[in-house]
Amino acid sequence: MDIKKSAFWISFIAMSGKCLGFFREVALSHFYGASDIADAYIMAGNIVGVLFGWIGTVYLCYTPVYLEVVHHKGEKQANRFTGIVISSLFILSVFCILLTYLFPQVFVSMVAPGFTESTAKITIEFLLVAVLILLVEPIIFPLKAYLECNKHFIVSSSSDFFLSFTQLSLIFFSGLYNYRILPYAMFVPYVIQAVIVYAGSRKNGFVLKPCLRYSEDMKTLLFLIVPYFLSSLVIEINSLVDRYFASTLQSGTVSSINYASILNSFFVNVFSIAIVTILYPRLAAAAVSKKEEQYAHDLSTGIKLVSFLFIPITVGACLLSTNIISCVFGHGRFGAEDIERTSSIFTMYIISIFFVALRELLFRSLYSRKNMKLPLLMGVLSTTMNVVLNMILVRNMGASGLALATSLSTLSVTPILLFSILRKNSAIDTTDLFRFLGKIGLMAFVMGIAVFLLKCYYSIPISGYLGQWMNLLLYTITGIAVYFSLTFLWKPKFIKPNQER
């Protein structure tokens, strides 16, 4: 399957999966609103993600090492390396599970000190189920990367789709029957995902043979994992810091931040996943083969694609933030106060969505060259700024100040990261790149004016939930039509004429 077809199907599957994930959050808000149970569910997931998220670091660190082993030693040795990685991670995961079962109260009180006794008790109950995810993550992350390195993007993306589908189903059943089913929506879906990625890997010829052996390849992987884990941990701490401050605010604030953050992540993941999923193995392969022109071409194209998609999304989502939150969450136990608070938080998050997507692509470009130090440095700088801004802004802006602090830290650090990478990659035509960015910015500005004027002077005269959705669709379709009309007229070039293939 060629790159264009892969990109289409990855985008389609990702959008379908993220829509299910979207409905998952809608179902959570419908059945539990911004309640103690929702806060406990979200916090239990956050504890596992932040404290034991280092397992997920293998997903990105594995790719350049695996491709290097294939390039120099062959596929058989690369498969043996994969088995060693999975076995090593499983042993460490079992230890982490035992640690959680011994000291659950310590983890909850450390991460959510502002929770009431009843909320903390529910969080502990949920955490003891959620932490079982660690039993299958050692299979999921290496094998997802393995599939993508072997260009089986569809199987890898499909596993995420079934993950979201199972989560949605279990949240729905918990809302209908018993909230105690809710934590299993964190564990059971990952078991299903592990089965899917392993089946796909077996079809490609991989057979898991448990083995514990230290080698030069494992040494290389460890040297990549440590700084990457620290940088990803620092990014997770950004989220954890928000929730730490949020747990000290009124009940439901953690849930509101989560709903706004999930919606923000929906936009980022749906529209960037195809770009990043396809380009990362290509960048890693170009780096291993020392093809600098190919590397620069792929990175420049990726930056342009991210800009083309996310600059107008930023403008449109900011203008329509209240409409979006009302349509998506404005039903069930999610009241008017929840809508107002969540839409304000969402607006503060969405202003940095372009820089979040660009940061992810730039980090992948560095990982493909085994450069883990610069992302770590940028992460530390961003988190430091976030903590300082949180303490300043939360006093006057509450939960919205927490989201704004996160966005401002990203807005400040990402340009530094971009210029640092461009300075070290002389093969990238920076003049052409910034001319492209300027044209996209102008097109998004004109689109924003059109949507703003339409929103101010016209709305479909239908009340209720149907009217909200019809107006949102009207404004969205208008923005898309204006933007793509300008694209047709101004024809921004993704590839320079002398680079076309």
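Biologist: Which residues does valine 241 touch, not counting residues up to four places away in sequence?

Modeller: Asn386, Val387 and Asn390. Contact here is heavy atoms within 4.5 Å. This is a predicted model, where local features need pLDDT of at least 70, side-chain atom pairs count only at pLDDT 80 or more, and totals for chains, interfaces and linings use all residues. Residues are numbered from 1 along each chain as its sequence is written, and side-chain values use heavy atoms, with hydrogens and water left out.

Biologist: Why is valine 241 called buried?

Modeller: Its relative accessibility is 13%. Buried means under 20% relative accessible area, exposed over 50%, partly exposed in between (1.4 Å probe, protein chains only). Therefore valine 241 counts as buried. Valine 241 is found in helix 10 (residues 216-246). Helices are DSSP runs of H or I, at least four residues, numbered from the N terminus.

Biologist: What separates the C-alpha atoms of valine 241 and valine 387?

Modeller: A distance of 7.0 Å, although the two are 146 residues apart along the chain.

Biologist: How do you know that the length of helix 19 agrees with its residue count?

Modeller: The expected span is 1.5 Å times one less than the number of residues. Helix 19 (residues 464-490) has 27 residues, so it should span 39 Å. Its end C-alpha atoms are 39 Å apart, which agrees. Just after helix 19, lysine 491 takes a positive phi of about 45°.

Biologist: What covers the buried residues of helix 19?

Modeller: The cover includes helix 12 (292-319), helix 13 (321-329) and helix 18 (430-457). Among the buried residues of helix 19 are Gly467, Asn471, Tyr475 and Tyr483.

Biologist: What makes the lining of the largest pocket nonpolar, polar or charged?

Modeller: Ala, Val, Leu, Ile, Met, Phe, Trp, Tyr, Cys and Pro count as nonpolar, Asp, Glu, Lys and Arg as charged, and the others, Gly among them, as polar. The lining divides into 25 nonpolar, 3 polar and no charged residues. Helix 19 gives the largest share, 9 residues. Phe267, Phe271, Ile313, Thr476 and Ile480 lie nearest the centre of the largest pocket.

Biologist: Which residues have the most contacts inside the largest nonpolar core?

Modeller: Tyr41, Phe126, Leu299, Ile324 and Phe346, in a core of 150 residues. Such a core is a set of buried Ala, Val, Leu, Ile, Met, Phe, Trp, Tyr and Cys residues joined through side-chain atoms within 4.5 Å. The largest share of this core, 13 residues, comes from helix 11 (residues 253-288).

Technical notes. Helix = DSSP H or I, 4+ residues; strand = E, 2+ residues; numbered from the N terminus. 1 Å grid on protein atoms, 1.4 Å probe; cavity = no way out; pocket = protein on both sides within 12 Å on 5 of 7 lines; lining within 4 Å.
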